[in-house]
Structures are given as structure tokens and as C-alpha cells.
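Subject: Structure handover

Hello,

Please find the structure below, followed by notes on what was found in it.

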Amino acid sequence: MYRNEVYGHIPNAQYDDATFERLWQDISKPLIKLLVIRSDIDELKVTPLSSEEESYVEKLKEWKELEDGLLEKNDDVERKINDMAKEFMKLRDTVATSNLSKVDQLAKFDFTGKIDGLCKRFQDSARKWFFDELSSWFTDEESGVMILTAGPGVGKSVLSAKVCELFKQCGQLAAYHFCDFRKSDYTKPSSILQSLASQMCDNVEGFRDKLIEILGHENSRNSLSDAFRVLLHDPLHALHRRKPMLIVVDALDESKTDDKSEFLELISDEFPELPKWMKILITSRPELQVKKKLEHFNPVEIHPDDYDHEQDLKHFFRGSLPNLSEDNIIALVRNCEGSFLYAYYLVKELKEMNFVDEANISDYAPKGISGFYEKQFKHLRAGLQGFKPNILKGFVNIVSASKAPLPIKILFECIYLSDEEYEIRNAISNIISEILPVYNDCLTVYHKSLTDWLTLDGYEEHAFAADIAEGTKCLWQACKRIYREIDFQKTVSDFELTREREYALENGGEYLVFVGDTEDFHWLVHVRLNALKLEFCDNFNVDFCRILRMYKTILTEQLYLSIVQHYYISKIFRSMSILESEYLTFRFVYLQSIANGYFDFLKKSIGCKSSARHVLDEAVEMWLEKVTNVNGSDYRIISNAVFSDKLRHIVSSPDNKLLVCLYLNLKVAVFELPSLTIIFELELKQAELSQKDYMHHSILTFSPDSSYFLCNSIRSCVCIRKRKEESFIPHGPANIESCSFSSCGLKLITVEKSLGGVYNSIVKVWDVKKKDVLVQVEMTSPVAVSYCCFSSCNAYIFGIRRYECYLFIWDSATLKELGIKRLCSDTCFTDKDKYQTFPREIPLKHTFIERCHFHLPSGEIICVIPASCCTKSFTWKNRKCVAFSIPSSTLVVYDFINQDVIDRFKIDCLPCGTRINCLSKLNATNFLVCLDSILVVILSFTTTEESSVADFVNSVVKCCTVSPDNLYIACCYENCILTIMSVNNGETLQNVVLQHPPEACWWSESYLWVVCRGVVVKYSYDSTNTTVLGNNLKECDINFHTVLKFAEGVLVVSLNKEREISIFKICNEKLCSQQCPKSIFASSVAISSDRCAVLLYRWAFSSYQLWEAGCENRWELHSAGKLDNLKTEVDSLYLTGLQNHRSSLWLIQDDNDDFFAGDFSLGRIDFSIGTPCLHSIASFWSFTAIKACYVPSNFVLIFLPKCLHVVNISKGATIAK
């Protein structure tokens, strides 16, 4: 007892007197029983402590003082630790805030509130059949995707919310998303994928780390497929197998319409590739597109009259209205017409009414969801009766026509309520919000079926039917007022985005097109307005192709062609992958295109140009201005046709009255020429061609009388008169590589692939009337052919071997080869001879235009013109010519008999790189031109009587240089032509014929120097003369293998194949040989701007040498080394700085298997430091070889296809594109 009660569990080390006395008595009792004398016990109570015991007490006191000290120190340490912990938490929060990961920047939507609200509508006893099926599917490893389809209002969203709640409770919900067609962010497939990935970072163990790791690499997310791979596929596959988890995507049908097809393909093809433990549940309306794309998943369908679905409705009513009789429940289920949405609101209404009269319950139940909406709008009508008349009608029209959540201010403007009528607006807003929710001051239609009901889309007529046309007209007027406000602003920088302005930018164009007021169509091409659309909406938000087709005959020529210009810019540049950049946006490309007049065929958009330039200059953006040759604008547009999708092939009829265009989906359109008025369109059923083959080639061939044409097969043809597809040679080959009619149309020759080998082909001659094969021959590799046609006299057939320039000629009756095996380039025929031009492009390896021909036994001559998009022969200025295009968007008229260029026409409104896919001469001066397979134009070119041969250059530029005053540029071509052009307008001022092939050129203060094969010549230069260059002077003879570099007056050449070099320098306008040791080798050379240093790089040894100029033309080695990390050839090399402060720039392609495509890097070596080494500045990727240009003011220009990068060397970063 003493141990337990006195000292064993006491909270303190002392007792008060009363407690002590009580405890002493308790202790004394057992001692007395043990025969201890009472007096001894009493004496013990008052006896003082012994000396030894007193020392114990003192020791205890010392221990107590020591313990108190330690406790005090411990408290101090604990306080410091707590302070440090608080500082650490602050630091961690600061770091986390300042270093947001790419994962944290992904879209992430929170549907917690929506799920909670929807789950409240769920009746626990309902949908048992579905959860049984869901459970069975969830444990099945074979099926990873489950599709649930049902009509509007059936309860898909409620069911999805309940599934999310249940799986979240058991820790098996990976992610979920609820699409909402009224909220654009919720409908974008890319945002959906991001949100799913963001949620899985929280719900799937280890997913976040894997995603961060993957996003840390250079991964493209340009396409939806790439985004899926990076955000979901790769991170999930990087995780170990675990228990099944679920992804839920609700209301797929409400995803963004423009991207829905691609999203459905992604779900169909890519979602099943996720790990087997990751399951996906998707709900949607049973739209045709959804059913077609996802039918292989065997969707679970809920029909309104399904037995299980009706039982679920009964369970819902029983749970919500437990006192309702079974008969009334059946009646209510029947009135619901399968809609849970209706059932929910019906129950809610009955409870609010405290309805007890079961006998008449069907009178209070609206008949289906249509009745429910009708009752809601009757309630709205009653609430609005005290206000202005026609408010309800205007409201219905506006809501039904609205394309997105509608700002309340725009709604009130459309129903003519001014800002001064605040109280009325507030009251009406409250009434309207009873049936339609208002979020962020925007009115939202809560379900798509309401819009359908208002517009009578699938519903019977009712008193609240909307007038879509009137509503759209009101909305357009509201948007136009906002457009005018924007137009009145002086600068784009003054623009502030509001909900109303954003709504007008996104939807105004579509409303305008629907209204069809062409007087207002100028807003569609308003430059500043479109710039704002692209900045805030990333789209023009209008279908230009549809406008051009609908209003072609109504719009003025200038407005129509301005819309053509915008359409073409959007189609060509919108798909460019280079737009995915913080420096280069579609808005920037659009403004630069307008400023340069790209695709301005009418050349009257001066106002648009100046407006675009003003916006660019205001934003202080770096942009490229095109140098225009005013003397090249000698054309006018006659007519045009635009296409929503790219064309696979086009062909004009022999009589030039028809044009047939073939789409990628085997649909053809037939146009009348030259008006380009569409006659009919037809989807081909029998043109059998596999998609794989179809992507590489297609066949369109007209009959000689232009009455029908063949497409990809001879089994069917399209009859022009009947405008339908008919049987032609039904037993003919399914797929052909080419076909051609004889001039009379009685025979047909076809080339088809042989089953005997991939590179074998069969050539057949058919009797068109009898449908029989007259003769055939099989051509085996390597002599197989891919193209054949008849000669003009029909007695011969000639063809081309696949992938080569070898020509065959056969007797058309026997297909016996005649043995002509070489081309003739002699001038052995005149325009008086019988000849036939070969209109097909032949891959002959000639650097410049050269006529090749061969002779037939009949005396007829076949003339081959190896040029891209070559026309058939025609007469031009009384000469026999063909026309073709060259890469500079120039049309060339070529006299193929005399081998002269008669005319050239520069289509100066086309940007660099525009492809001319097809070219055809129609009549007089009219040419049909197809641009980038989406725009067909007929251009009329104005010609002069004199020939323009003198200033034509048909060759590849070998070298070029700019005059020291930056006024002129000299270009030397491979065909020994030297041209001088003006930098200001691109006009060719002078042409000079060189006597030897040029290799390099450079412009000093007094001379233009040209290094030719075996000789160096120079031309005197005077910028004040109209003739820029004077007479040529021979400087010296020179022998070399190749010119490595000619710049800053220093010439470096290699003397042999081993790349041994020699250096020359221009001193006092004389070319002087420099003294340097022998056996110096280089594959790349850079020359300093002060002409005193040369950098040599030898690729074979990865070594470099820096040579400096000394006295008396002697050169001394300043630095040398080896770059172990450089294993490839150098694309561009530059040497910067002055003596003792030099550095070099290197453009290098990373080592890979693809010579033309890959990663490129820009590096720098500083020779002023101890041990020079190569440091990377910037990197690039290109599918073709790229070039660089150093600008002495600390910049490097990197030229990629259709894109220019501006790199700041000091910052080591791209500053503009």
C-alpha cells in the first residue's frame, strides 16, 4: 500500500498535513498487528533524519535542480526546432510556388460539387442491372473500355456520378470528367486528357512521378494521339500491375464538335492500349458518329422502353414518393417516356406542392419532358407578364440561337432592356434564373434537349417555339455593336477582354453568316478584329469555305477575293507544326501574311496591309517583309474554286470545258470551265482502290470526247450527261497505276501491278466497245513500267520505267518493243515536223531545261519536257510552247523546239514554298492553276510582243553576294548566268553570261569578284550607273578541287580530294596567294570579319585550327584542338570577334540515320579562354537540312522550312520566329 498509494503513483513529491496524518494512521495499523510497539511507531514519526539520510535529501535537491535546468534547456531547444520547422515549411511553400512543374500546369477540373448534386438524385435501389454488368466487366481482363449510350434525360450523368462516388469510396477511381457542351474548356479533347492525367496524379500511386519524368523529356503534344501517349499511355505503362482502377468520361456527345471525330478515333484505337488494370467507362448519346466509331466495343444501350430501365424509374418513384399507389407509379413511368430528368423534376414539383390527390395525379404530370419544358415556360411567361410585351418571345429566340453560355448583358440588349432599367433587368434576371442557371453572369442552357425542344428539333409544335432567324439576327446586331467599339479603339493594346467581347469574337462571325447580310461581310476580313480572334480564341470562328460557296455570285469581287485570301491563309499556315511556339503563333503568321499581301490576287488590299503592319509595329514584333518586284505583277484572276479538304488529283477535259477534282474520300466534283461553277458532286462507289495505295497515287482520265472519265479503275466510269457512276469494263483490274485512251477513244491502255512481284507490272490494250483485252505483256523488274500512253497516230505506245528515266516504245497492235533506248538531244526537228509532247513529269537528272526527244518509225517525233506540272503543247506568239512552274511561284512559257523561254510570269502574291500541283493552258492567255491542293484559280497573264528570254534564269543558284552598299544582290547560276537584282524591289537589273561555271562570288568596294572553274574574273562596279556592272577583267587562272569559302576578301580552296587547302586574299583589289604551311586540310571554313583569321575544321579527325594573318602574307597557327564530342559534318561555321578575342559558331546536325531530318544544335567555342570547348546555345528540329546566317550584331538567323529563328548569341536563346 505504501508503494502503491504513497510514492508509487503520486503526482507530487509532497503532501499536506491532513493527508500525511491519514496515511500515517493507515500505515501504522498493519505494523501494530505485526506486534510493533506503538511508542516506537510514534517515536519514528518525530525522530529527525540521520546525517546519512540528510545527505540523501541534499542529493535529491541537487538532482531536482539539475533536472529543472535540463528541462529548461530542452524547452529552449524545442522552441528553436519549432522555429526552424516553420521556416522550412515557408521555404518549401516558396519553392513549390516558384517552381510549378509541368504537371501542375495541366488543366484540372473539379466536378466534386456536380457529383454530389447528381448523387442526391440517385435512388439506391435503382440500376442494379447496370451495376451487375459493370462489376462483371470491371473484373474481366479482356475488355478495357465500356460504352454506355442512352438518349437525353435518361440519367447517364446521374449514373456516372454514382459510379464515381462508389469507386472513390473503395479507392479504385482513377479519374473522371463530365463534358458540358456549354463550357468550351470541358469539351476540348486535349483539356479532357490533361484533366484526367492531373487527377491520376492524386489518385494513382506513382503516376505523378512517372508523368513528371516523361514531361521532362522533349515530347510532342501537337496531335491528340501524341497528347494521349504522353499524358496517359506512357506513364500508366511505366507503373507495375496493380488492382483495377476506373476512369469515367460522361456525356462524350457533348465534346467539341470540331475535334469529336479525332477524339472518337483516339478512343477507338488508343484507349484499349492502356494497361489491362486501367478500365474506362464512357457515356454518350447514341449519335450516329459515336455508334459508328465505337460499335466494336459492343456498347450497353439504354432504350426508353427497356424493361430494366422502366423498373429503375419505378424504383425511383417508390423511393421518392413512398405513399404513391402502384397504378399511379405505372402512370408516371409512362408519362416520363424514359426520361429520368423529367422524373426528377416531377418528383420535386409534387413534393413542393405537397400533392395528395392521387386520383388526378396524371393531370399534374407533364406528358414527357416536352410537357415539363412547356410547364416551365408557362411559369416563366406568368412571371414576365408585368414587364414589357414580347420579352418572353425575344428571350426564347435569343436562347435558342445562342451558341455558348450567353452573357446577361447581351441578352438584355437583344430584348431591348437598357442599362438604366436596372431594377427591371434585375427582376427579370431572377425570374429567368429559375429555369436556366446563371454562372459568371452568363445564362446557361442546362441540357441540350431544351434547345432541341425550343427549335422543334424532334419535338411536336408548341406555343414557345423559337424563331431561330430572328434570334440570330438580334445576336448579330449585338455582336456588331461590339465590333464597332473595337474598331473605334486607336490601338489593339487598348483592348480589354470582357465576357461580352469574348462572346462576340467567338460567335459573331457565325451569326453574321447565318443572317446573310453581305453588306456586313467586311467584318469577316477585318484585320484588327481577326487578330483579336486569333489572340483570344485561337480561331477565325467562321467557315470561309462555306461562305465562298454560298455567296460567290453575291459578293463583290474585292470582298470575295479577300475572303479567299483569309481562307487560304487559314488552310495553309494553320497546319504548320512551327506554330506550337511561344514566339510564333497563328495570329503572328496571319498578320505577316496580310502585311505582305500573300494570296491577294486582286492586289487591292492596301488598307488591310497597312492595318496589319500597324498591329505588328504596335506590338514591336519582329517580322519579315517580302521584297516585291513591281514589274512581275502582270496577271489577273478570272475565277476560282475553294475546297474544304485537300484534293488528291484534278484534271481538265480534252475540250477544256470541264474540270474534275478528286477528294481524298473518293468523292469527285465536276466544274464548268472557265467559270469554275460546280455542276455536280458524286461519291464514287465502285472506284476500288485501297486506302494505302490511294494515299500515294490516284488516276483521273477523261475520254477523248470529254463525255466520261475514269477514276482509279476501269470497272466503272462517271458519265457527265447522266451525272452518275456507270459500269465500264466490269471484269477489268480493280486497281491500276495508269490508263490512257487512244485519240479516237476506241482503245484503252492500262498498267496494273502484277501478282508475280511487287515491282512487276502488266500492260494491257483494251477494245473499249467489246470490253476485251486485245494484247498484253508482263514487265518484270527492273524493266517494269508505271505509265503508258498512245502516240498521236495510235500506232505506237510509249511508257516510262518506274523510278527511272528509261523510255519504252511498243507497236500498239502487238506490244512488241521497238528497241529505241536512248534520248536524242540534237536540234534535228523544227515546228514543221509532226511531233507530240510528253506532258508527264519525267525524273530526268538535268540541272536546267533541256529538250529531249526520240523518233518514231512513222516519222513522228515525241518531245519530252522534264518539268514539273508541265502543260500540253500550245501556240504562244506563233511558237510551239509548253508552260510549267518553277519553285519561285513563276509560270514559264517555253519554246521547246527552239529551246527558248518566251515569257515568264511571277505570281507575286504567293509566299515562298507555295506548291503548284497542277497547271493547264485553257485558252488565249488563261491558265488553270491548282495551289497546295486546296485552291484552284484561273489566271489571265498579260504578255508583250517582245520576248523576255534575256532576263530568264532557269537553273539553281550556285552562289550569291550582296553589294557593300546593300543596294544589289548578285546571283550566279549553275547554267553560267549572272544576274543583278535590286534589294528594294527584287527587280532584275542586269544579266551577264559567264564563260565558265561559277563556284563562288564576293563584292568588294570596286569590283564584283567571281571564282569560276579554272579562272577568277572581276566586274567593275558603279552604283550610280543604270548598268551596275561594267566590263569583266580576268584576274588570274586558278586550279582547285572545290571552293570552301569566299568571304571578306579571303578565298579558301581545296586542292584535291583529300581537302588540302590554299588561301588567297584580295589586297588593293588584287588576288594574292597567301603563305601558309603545306598539308593543311579542312572540310569546313570560317573567315573573320576583319579578314585576319581563318578557322579550319576537318570532319574526318574532328579537329580544328585557327590561323591568324601575319606580316608579308604569312599565316600563323594561333590555336588547334580536337572536339571529341563532335562526330558529324558541320552545316554552317562562323568566326567572330577580333584578335585575342575570337569565338566561333557551329551549326551541327546530331548524328542519326536520317541525312536530311533530325536534331540540329547551334554551338559556340571561345578561343580567348584557356582550353576551348564547344558549348551548346540552342537546338532545333527539322525534316530537311537547315542553314544559318550570322549577323555581326550578336545574332544568328536559322533558316528552317517556312520559318526563321532569330537566336541571341549572348542570351543563348531564340528571341523570335
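D226 and R229 form a salt bridge (a side-chain nitrogen of Lys or Arg within 4 Å of a carboxyl oxygen of Asp or Glu), with the closest N and O atoms 3.7 Å apart. Because they are three residues apart in helix 11, about one helical turn separates them. D226 is partly exposed, at 21% relative accessibility, and R229 is partly exposed too, at 28%. Here buried means under 20% relative accessible area, exposed over 50%, and partly exposed in between, with a 1.4 Å probe and protein chains only.

This is a predicted model, in which local features need pLDDT of at least 70, side-chain atom pairs count only at pLDDT 80 or more, and totals for chains, interfaces and linings use all residues. Residues are numbered from 1 along each chain as its sequence is written, and side-chain values use heavy atoms, with hydrogens and water left out.

The structure holds 31 salt bridges. One of them joins R22 and D26, at 3.8 Å between the closest N and O atoms; both residues lie in helix 2, four residues apart. Another joins K958 and E999, at 3.9 Å from N to O. K958 is partly exposed at 38% relative accessibility, whereas E999 counts as buried at 18%.

Helix 10 (residues 207-215) has F207, L211, I214 and L215 as its buried residues. They cover an arc of only 95 degrees around the axis (taken from the directions from the helix axis to the C-beta atoms), so they sit on the same side of helix 10. Their cover includes helix 9 and helix 11.

Buried residues make up 49% of the 1217 residues.

On confidence, pLDDT (the predictor's confidence in each residue, from 0 to 100) averages 81, and 85% of the residues score at least 70. Over residues 690-695 the pLDDT is below 50, and this stretch has twelve contacts (heavy atoms within 4.5 Å) beyond near neighbours in sequence. Where pLDDT is low, the predicted coordinates should not be read in detail.

Regards

Definitions and conventions: Helices (H or I, at least four residues) and strands (E, at least two) are DSSP runs, numbered from the N terminus.
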